[in-house]
Amino acid sequence: MSELAIERQIDRSHMTISDEVAIQINNMNKWYGQFHVLRDINLTVQRGERIVICGPSGSGKSTLIRCINRLEEHQSGDIIVDGTELTSDLKNIDKIRSEVGMCFQHFNLFPHLTILENCTLAPIWVRKVPRKEAEDIAMHYLEKVKIPDQAHKYPGMLSGGQQQRVAIARSLCMKPRIMLFDEPTSALDPEMIKEVLDTMIELAEEGMTMLCVTHEMGFAQAVANRVIFMDQGQIIEQNEPHAFFNDPQSDRTKLFLSQILGH
Amino acid sequence: MSDNAQTVRYVRESMIPPSEPPLKEQGAVKWMRENLFSGWKNTLLSLVSIYVLVKLLFALVPWFWNSVWTAGSLNECRETLAVLEGLTTHGGACFAVISDRWLQLLFGFYPAESYWRPILVFILMFVALAPILFSARLPKQLLWFSILFPFLGTWLLWGGSFWVPILVILGFVVGAVGFKIGGRFAGAFGAVALGIAGAALWWMIAMPSINGALHKAVALSRIDGTKAELLETLVTNPAQIDEIEAEQAAVQEKINELTAEKDVLVVEMLAAREAGSEPSSDQKSAFNAIMDELMVERRHYTALGFTAFKLQQAISDANGLLANIEALPQWEADLPNAIVTAAEMEAALPDGLHNLVSVNQVPAGTSPEAVDALRAYLDADTAVLNLHANIETAYERLGILGLAPVTSRDFGGFMLAMIIGVAGIVLSLPLGVLLALARQANLPIVKGFAVAFIEIIRGVPLIVWLFTASLLLNYFLPPRTSFDLVLRVVIMVTLFAAAYIAEVIRGGLAALPKGQFEAADSLGLDYWKSMRLIVLPQALKISIPGIVNTFIGLFKDTTLVGIIGLLDPLNLSNSIRAAAEWNGVYWELFVFIGLLFFVSCFSMGRYSLWLEKKLQRGHR
Amino acid sequence: MTTLTDTPKQGFRLSQLIYDTRYRSITIQVIATVLIVAALWWLARNTVANLTALGKDFTLEFLGNRSGYDINQRLIAYDSNATHGRAALVGILNTLLVAGLGCVLATILGVIFGVLRLSKNWIVSRLAAVYVEGFRNVPLLLWIIAIFAVMTESTPSPKDFRGENPVASMALADNVAITNRGAYIPEPLFANGLGDVEIKPGGIFADLYFNVSIDLIVILLTLVASLLVVKLVNTRAADIQNATGVRPTTWWVNLLIIVAPIAALLWGLGFYLGKPELSGFNFAGGTHLRNSLLALWLALSLYTGAFIAEIVRGGINAVSKGQTEAAFALGLRPNRTMRLVILPQALRVIIPPLISQFLNLTKNSSLAIAIGYMDVRSTLGGITVNQTGRELEGILLVGLFYLLLSLAISTGMNWFNDRVKLKER
């Protein structure tokens with residue numbers, strides 16, 4: 001297991017999974033030029049599910065979640081998010097992007113804006129929320145990620161862990177129904193990983209639908225209800241975490257787990 | 001744990017092999033759709049661009065395609081266009097001007113028999129640059145050649161006796177010895193002071209006298225032989241010139257015949273065109289043949305004329321030298337007396353008039369007699385200086401052992417642009433480094449001077465500095481010193497480039513991690529050692545792209561020297577246009593000059609870009 | 001061993017000047033100062049000696065003497081009876097005119113081509129690259145001379161516009177005549193204009209007299225007032241957005257506020273365009289833009305525009321791709337992303353080198369001499385110097401003018417940089 005064992009007691013009272021489908025991906029394929037990055041992906045995510053996607057680098061896991069909010073374009077198959085099909089129609093893309101929040105490996109905070117402005121930018125310009133209200137929402141989420149006192153600083157003045165928590169708060173300000181995490185802790189120092197993971201666990205406890213690309217197996221064990229292993233652009237194995245870690249079926253999965261867990 | 005474990009369990013049985021993207025996602029169609037027509041705005045942009053491109057090509061391609069390369073003048077170009085293609089003046093380019101004058105655009109008026117010298121220097125320049133630009137792959141010893149190259153190059157270009165560059169280099173050796181001795185007895189300051197003093201003394205006092213003595217020795221050792229040779233030149237050359245002139249007359253005859261033949265053909269062909277039919281291919285090939293032959297004969301004529309001119313020049317040179325040889329004993333006999341007379345006259349001057357260089361300087365209220373005495377003394381002094389100069393010049397001309405000297409007046413074209421650009425950058429590097437260090441230093445006054453120098457140089461346009469060089473530099477130097485315009489321009493350009501180089505190197509110093517400075521200090525190195533061994537090598541390496549960019553800018557700016565009368569390519573194009581046969585040729589010259597600049601600047605720019613990328617990778 | 005109390009007792013030794021870090025820097029600076037002052041003194045002494053040897057002195061009196069030469073392009077009243085100082089002023093204004101026009105056009109060209117070069121459209125980005133590399137890698141002087149040659153060699157002469165079947169005709173509905181002597185464009189005139197006000201300072205500023213059109217002042221004041229109102233409207237729109245979340249559409253209100261008062265004013269002043277008309281062998285009426293001005297303006301703008309295009313491209317590229325992605329992921333549209341996220345960051349990277357390009361353009365305008373444009377270097381540093389023989393003073397003044405201009409601009413730039421620097425740890 002990861003050295004970062006999750007110590008706290010996790011409250012699962014809100015973590016119910018409804019029958020409603022949040023994301024539906026059917027026979028999706030993607031190519032970069034001639035390179036076949038995603039091969040025949042089929043995935044159904046219920047509302048309230050917490051899915052961890054892992055796999056070796058270059059396996060297409062980041063590309064997969066980036067397809068979900070159209071940061072990458074897929075070439076065949078369907079992606080349906082919240083009942084809206086993702087096509088090149090700008091209206092659909094806008095609708096989906098305002099429902100789906102995303103956190104990046106390198107935070108991507110806007111360096112020219114204060115923390116508060118980072119958080120209010122999208123609500124004001126996309127959701128047309130009055131500034132005062134947007135600031136209240138922002139402060140609410142900043143308190144949630146435990147950095148309300150940094151609201152008037154600039155991103156450059158914050159530590160990596162704090163920046164990533166701001167990035168999470170910034171996404172939450174749009175009140176998304178789905179959150180995507182693209183390796184949120186891999187650019188962080190060990191002591192900062194914990195504060196970010198704690199924030200993510202809290203989010204899970206509130207019943208957020210989450211898709212998370214990460215190598216934090218402790219987090220997967222504690223929070224996820226499904227772990228997906230990808231290699232060579234395809235889903236190799238998926239299972240609920242306990243079974244996934246203790247009884248992997250595929251040879252590739254076994255090899256990957258032995259490397260990452262250091263057994 | 002989870003209520004839907006059964007539904008999520010999934011293991012892939014067989015891997016999906018990679019497949020080709022669907023047809024509409026690949027090939028030219030996809031490329032066009034993605035790159036040219038991905039939306040109405042993009043499509044519009046593409047169509048507008050294609051329209052512009054087609055328009056441009058339709059205007060330019062025929063002009064290049066129909067260009068005339070063999071013709072003796074713009075009129076002949078037009079004639080050729082008219083009879084062969086039925087085109088008007090602007091229907092095709094007249095690149096004949098380039099095939100006629102390209103050597104001039106490259107070398108200016110540098111003597112043709114010595115073209116090998118600038119070419120050799122150009123090649124050697126790359127040899128000298130190689131160890132600096134590709135330090136990893138070449139032996140360190142090659143750096144010595146890089147250091148010697150400036151002296152070698154200067155000698156090759158300007159010519160003169162072979163020992164002059166050696167004497168100049170010896171000045172650095174003397175300086176280094178002075179530095180060592182000074183360092184042993186008087187510390188760092190003593191070292192610098194003694195080093196500079198030693199080199200200065202060598203260059204200003206020892207070198208001229210050694211140089212003069214060597215020239216005199218060589219001249220005297222072969223004076224009888226020289227005299228005989230010169231006398232023979234006076235006898236043989238006129239005869240040769242007569243022969244050449246006879247041959248030239250014959251060639252002229254031939255040219256006249258060919259021209260007449262061509263004129264007849266032109267009339268016929270134009271008549272055919274007038275009648276609405278294309279001239280026959282026989283006529284066309286006959287015309288081309290005549291034009292080719294005409295060009296050959298014309299070249300022959302020009303070459304003969306050139307030889308005759310050289311022979312004539314040799315005669316006048318020989319006359320001059322013989323007169324010098326005659327006069328030398330008299331000059332040498334007169335000199336001591338003249339010196340004594342001048343010294344006596346100076347001693348007799350009233351107080352307050354010593355050290356004056358002009359009668360304009362006399363204080364108010366000086367008696368007319370005193371002014372006359374001063375004037376007489378100044379004349380006598382000038383006479384002494386003239387005698388000195390005459391004797392020295394005579395021996396130098398008679399005793400030269402090496403390459404024929406070429407005056408800066410004859411330098412021109414791209415050669416001049418290269419010389420000014422390269423000399424400016426190379427000479428400005430040491431000064432630029434010092435300025436950058438001074439600007440970084442923790443010494444407010446020194447820093448202030450450096451900042452003032454850099455900002456003043458950069459705040460004023462180069463053209464103003466060039467006018468300063470051509471009009472004002474003589475004011476700033478001691479009275480009666482004057483040196484040639486190319487040298488003055490090189491000095492000014494060096495100072496100009498130094499300010500820009502200093503800023504580039506400052507950037508390089510700032511980009512170095514602070515740890516490097518601290519590590520050097522902690523090793524116990526003193527300031528200069530840490531700079532020389534640790535900091536500067538790294539900072540200079542990072543700065544190379546910036547230095548190359550500065551060079552590109554400077555190289556383009558060398559065209560400005562035309563404005564103060566030097567023969568840069570653009571100014572040469574004016575002088576080519578001033579010749580009757582090429583009056584009115586603009587575009588062909590602009591295209592050629594522009595293309596040469598473009599090729600050199602673009603490739604250097606790419607090099608610096610490549611280097612920048614490489615350095616960035618190296619730093620990660 | 002030394003103890004703490006030992007040091008003060010030792011007193012001062014001469015060698016401390018060199019080896020003691022406390023005194024060493026002072027020693028070095030004193031030596032440097034002495035050497036530099038000595039060098040300057042040597043230069044000054046040489047100059048004085050050379051000047052007296054030539055029977056000259058150093059004075060600026062010549063600026064008050066009659067110039068005796070004409071200047072073909074002047075923004076203020078000037079004739080050959082005016083002083084050299086006045087001629088210098090005419091030159092300075094001409095330099096500032098071409099520099100100002102050049103900076104505006106170069107920025108427009110640079111932004112357009114910089115953005116086009118980033119375009120995903122292959123052919124557009126290639127064409128933009130050809131423009132940038134073509135202009136950057138060929139000497140400016142060649143462009144100036146070549147563009148000037150196009151204008152004088154391949155345009156019709158005014159006499160071609162004459163006769164029953166003229167060879168050439170005027171463009172834009174007979175409003176603009178492009179000839180080998182320059183372009184003639186309509187000039188703004190006022191039927192019931194308010195006249196001019198004369199400004200005539202005395203003393204050493206006596207040469208600074210000029211007339212200002214009251215019409216122009218009134219128009220400018222109206223414009224400023226309109227802009228202030230627009231600013232108010234925008235502030236209000238922002239307030240409404242802050243309060244309700246929805247920003248009211250303001251562009252047509254703003255347009256109206258700017259256009260309506262000016263239009264009313266122009267109507268009141270009886271504004272009309274005076275068309276250039278052929279009379280005799282030349283055009284009369286209208287504004288005459290000389291080829292020298294047009295060629296210099298175009299060449300400077302195209303050349304500097306190529307550099308600015310690279311700066312713009314670099315600035316936009318400097319903003320990492322992650323910024324766009326983050327903005328997209330938040331649901332911002334590409335236009336808003338550009339305006340709210342990319343541009344504010346790119347501008348910080350772009351503006352400092354942009355200003356130094358403006359500086360370069362201003363300095364490069366001194367190449368005017370190649371095509372006979374009468375800028376400050378051609379009047380004060382050229383004809384005046386030749387006529388009075390005051391090389392030293394003339395070139396010194398020209399240099400000083402450029403230096404002060406550069407210093408003023410770079411001071412402004414530093415102030416701006418300090419203001420917008422990204423705040424980091």
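Predicted model: local features only at pLDDT ≥ 70, side-chain atom pairs only at ≥ 80, totals over all residues.
Helices are DSSP runs of H or I with at least four residues, strands are E runs of at least two, and both are numbered from the N terminus.

Residues are numbered from 1 along each chain as its sequence is written, chains are lettered from A and ligands numbered from 1 in the order in which they are written, and side-chain values use heavy atoms, leaving out hydrogens and water.

**Where the two helices meet**

Show the side chains of B:Glu455, B:Ile456 and B:Gly459 in H13(B), which meet C:Tyr402, C:Leu403 and C:Ser406 in H14(C). Contact means heavy atoms within 4.5 Å.

**Chains B and C**

Next, select both chains: 54 residues of chain B are in contact with 56 residues of chain C. Between them they bury about 5000 Å², 74% of it on carbon and sulfur atoms. Buried area is the accessible area (1.4 Å probe) lost by two parts on being put together, summed over both.

How many salt bridges are there between chain C and chain B? The count is 1. To see a salt bridge there, pick C:Glu133 and B:Arg606, whose closest N and O atoms are 2.9 Å apart. The term means a side-chain nitrogen of Lys or Arg within 4 Å of a carboxyl oxygen of Asp or Glu.

**Domains**

Color chain B by its domain assignment: domain 1 (21–65), domain 2 (224–403) and domain 3 (408–620). Such bounds come from an automatic or database assignment. The C-alpha centres of domains 1 and 3 of chain B lie 41 Å apart.

**Chain A**

Move to A:Lys146, in the loop between H4 and H5 of chain A. A:Lys146 forms a salt bridge with A:Glu202, at 3.0 Å between the closest N and O atoms. The pair links distant parts of the chain, 56 residues apart, with A:Glu202 in helix H6 (residues 190–205).

Phi of A:Lys146 is near 70 degrees, a positive value in a residue other than glycine. Most residues other than glycine have a negative phi.
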